[in-house]
Amino acid sequence: MKKILALVFAGFMGFANTSKAEIKLNPYPQSVKENGDSIQLTGSFRVYGFDDIKSNIIKNVIDNYRINEDGILLRIGTKDSESIKKFKKKIPNCKEGYYLSVKDNEIVIAGYDNRGLFYGLQTMKLLIDRNSVNDRGNILLPEVEIVDWPDVAVRGVVEGFYGQPWSHSARMKLIDFYSKYKLNTYIYGPKNDSYHSTPKWREPYPNKEAEQLKELVSYAKEKEVDFVWAIHPGRDIKWTEEDRDKLIYKFESMYDLGVRAFAVFFDDISGKGTDAEMQVKLLNYINKNFIKRKGDIASLIMCPTEYNRSRRKVETHYLETLGDKLDSDIHIMWTGDRALSDITYENLKWIQELIKRNPYIWWNYPVTDFSNDRILMGEVYGVDPSIKTETSGFVSNPMEYPESSKLALYSIAGYTWNIDSYNAKQSWLESIEWTLPDASEALECLATHSSATGVEHFPRKESENIKLPAERFLNNFKKDRSWNENDFNDLYNEFVRMKTAADELDLSESNEDFISEIHPWIVSLDLWSQMGLEVLELAKAIRYKNTLVYNKKLRHLKILESRIEKNNLKVAAGSATLGTSVIKPFIEEIMKISIE
C-alpha cells in the first residue's frame with residue numbers, strides 16, 4: 001500500500017523578504033518553463049510514493065522535513081512507479097534525468113531512475129534554499145516545469161594531485177558538495193597517499209585509515225556519488241605473478257570496505273613500469289579475474305603513462321598498443337595536448353584514433369601542484385562542447401586546498417551538466433557569492449587577481465580590469481615619465497579596492513574553513529595593494545623630482561617586498577603568490593625604472 005505522508009520543511013525562517021520567486025539553479029536545467037507566478041509553501045507537504053524509493057534518497061533529501069497533517073501534495077517516483085504513472089511520458093529518456101513540476105496544488109518529481117529522482121529532489125531543495133519568504137513567513141516557489149538530464153554521463157573529481165592529501169573531514173564535505181551540484185564521480189588517488197602508491201600499495205590500509213575510507217565509500221553511496229579507488233603501482237611494480245596477486249589482494253581489501261569501482265594509474269613513472277605490453281596484460285587480467293568475476297563492479301579505469309600528446313613517444317607504439325590490445329570496456333584517461341591543457345575537439349579526435357575508444361578526460365584544472373604557491377580562483381573555460389559525445393567521462397583534478405577548489409568545481413558541475421546554458425563569467429560570480437555570501441565583492445577582488453597559472457602554454461585571465469591601464473601607464477612612464485590621469489586613477493582605485501577587500505575578507509565569518517585556507521593570499525592581497533599605492537606615489541616623486549618622497553617610498557617598498565617574501569605557506573615552499581600577470585610586473589617595472 002502506498003504511503004501518504006505530510007512533511008514540513010524545517011528551518012526555512014530567516015530568509016529575506018521578497019514578493020517574487022526566482023529560478024536560481026546550478027547546474028541550470030535543460031528545459032525550464034515558468035509562467036511568472038509563484039506558490040506559497042505554508043510549511044507542509046503531503047508526500048505520495050515513498051514505497052518505490054530507495055531509502056538513501058529518502059534519508060538524504062527528505063530528512064529536512066517533518067511529519068504534518070496538511071500541505072501541498074508532493075508526488076515522487078521513478079519511471080515505473082505507480083505514483084507518477086500519468087507523468088511517465090514527461091520524463092526524459094536518459095539516465096539521471098528527471099521531470100519536476102511545481103503548481104499551486106501539486107509538486108511532481110519523477111526520475112528516469114533513482115539517481116534522477118535524487119537530482120530532481122536536489123533541484124527542489126535548491127529552489128527552496130535560494131528563494132525567500134514573504135511578509136507572512138511563507139516560502140515562495142516559482143510555478144515551473146523542468147525537464148532535465150546531464151550532457152556528460154560521468155562528471156566529477158579526481159583527487160590525483162601531488163602534495164598534502166585532503167583530510168577525511170574535507171572529503172566528506174566535498175561529497176556533500178558533489179551531490180548538491182550533481183557531480184556523480186569521485187576518484188580517490190592522491191599521489192602522496194603511500195597506500196595508494198609506492199611504497200605501500202601492496203599493503204592493506206591500517207585500521208584507522210581503512211575505517212575512514214569505509215565511511216567515505218558509504219557516505220558517497222548515500223549521496224549518489226560513485227566512489228572510485230585508484231592504485232598507482234608503476235614506480236616499483238615487478239611484472240610477476242606475485243605482484244599481480246598482491247594488486248588483486250589490495251583490490252579485494254578495498255572491495256571489503258565497500259568499493260565498487262577501481263582505477264589503475266601508470267602516470268608519472270619511468271623504467272620497467274612503463275611497458276605497454278605488460279600494463280595491458282595486467283589490466284586485462286584484472287578485468288577478467290576481478291572486475292567481471294565480482295559482477296557488481298563498474299568498468300575499470302586506467303591512466304596511461306603517455307597521458308597527453310606531449311608525452312607521446314612514437315617509437316614505443318605505447319598508445320597504439322593500448323588501443324589494439326587493452327579490453328575495449330576499460331576506460332583510458334587523457335589530459336589533452338599537455339598535462340595542463342584546454343580540451344579541444346581536434347585533440348579528442350586525434351587520441352580516439354590511437355586508443356580506439358573515447359578518452360576519459362582527466363582535466364588538470366584547478367590543480368596547482370606544479371606551483372603550490374598559487375591558488376586558482378578565476379573563471380572556468382577552455383573545454384570544448386564535444387566532450388558531450390567524444391568522451392567517456394570527465395573529471396577535474398583540483399587543488400590541495402579543498403574549499404578553494406569548490407569555486408572551479410561549481411562551474412565544472414554546471415558546464416558538464418548543461419553545456420549550452422553555461423556562461424563562464426556568470427557561473428564564476430555565482431560561485432563567489434555561494435562560497436562567501438558575507439564578503440562576495442571582496443572575494444571577487446581577490447579572485448580577479450589570483451587566477452594566472454604562470455604557465456605560458458596554459459594561460460588563464462587575471463587582472464583583466466586593470467590590464468590596459470597598467471600597460472598604457474608603463475608605456476607613457478617609460479617614454480617621458482608622464483601618464484594619463486584616467487589610467488592613474490583606475491590603478492589607484494583598484495589598489496584601494498584590494499586593500500579594502502583584504503580587510504573585509506579578514507573579518508568574514510560565513511565560511512571560516514575557506515578563510516583559514518586562503519589566509520596567506522589575503523595577506524598577500526593586502527601587501528600587494530600597499531605596494532601598488534606606494535609605487536604610484538614613487539612614480540609621482542620621480543616625475544616631480546621630489547627626492548624626499550622618493551627615498552621614503554622606495555624604502556617602504558623594499559620593506560613591503562620583504563614582508564611578501566616572508567608570507568610563507570605552511571603547505572608549500574615560497575610565499576603566497578598572486579597578481580603575477582599584471583600587478584607584480586607593473587610594480588617591479590616602475591621600481592626598476594626608479595633606480596636606473
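Of the 138 residues in the largest nonpolar core of this predicted model, Tyr178, Phe262 and Phe586 touch the most other members. Such a core is a set of buried Ala, Val, Leu, Ile, Met, Phe, Trp, Tyr and Cys residues joined through side-chain atoms within 4.5 Å, where buried means under 20% relative accessible area with a 1.4 Å probe, protein chains only. Residues are numbered from 1 along each chain as its sequence is written. Because the model is predicted, local features need pLDDT of at least 70, side-chain atom pairs count only at pLDDT 80 or more, totals for chains, interfaces and linings use all residues, and side-chain values use heavy atoms, without hydrogens and water.

- Leaving aside neighbours within four places in sequence, Phe262 is in contact (heavy atoms within 4.5 Å) with residues including Val228, Trp229, Phe290 and Leu300.

**Barrel**

- Eight strands close into a barrel in the order E9-E10-E11-E12-E13-E14-E15-E16, with parallel pairing.
- Neighbouring strands of this sheet are turned by 25° against each other on average, direction ignored.
- Strands are DSSP runs of E, at least two residues, and helices are runs of H or I, at least four; two strands pair if DSSP finds at least two bridges between them.
- Strands E11 (residues 226-231) and E12 (residues 262-265) pair over three bridges, and Ile231 has Val264 as its bridge partner in E12.

**Helices across strands**

- Helix H4 (residues 207-222) lies across strands E10 (185-188) and E11, at about 145° to E11.
- Angles run from 0 to 180 degrees between N-to-C directions of axes, which are lines fitted to C-alpha atoms, for helices over the stretch in contact.

Methods:
Buried means under 20% relative accessible area, exposed over 50%, partly exposed in between (1.4 Å probe, protein chains only).
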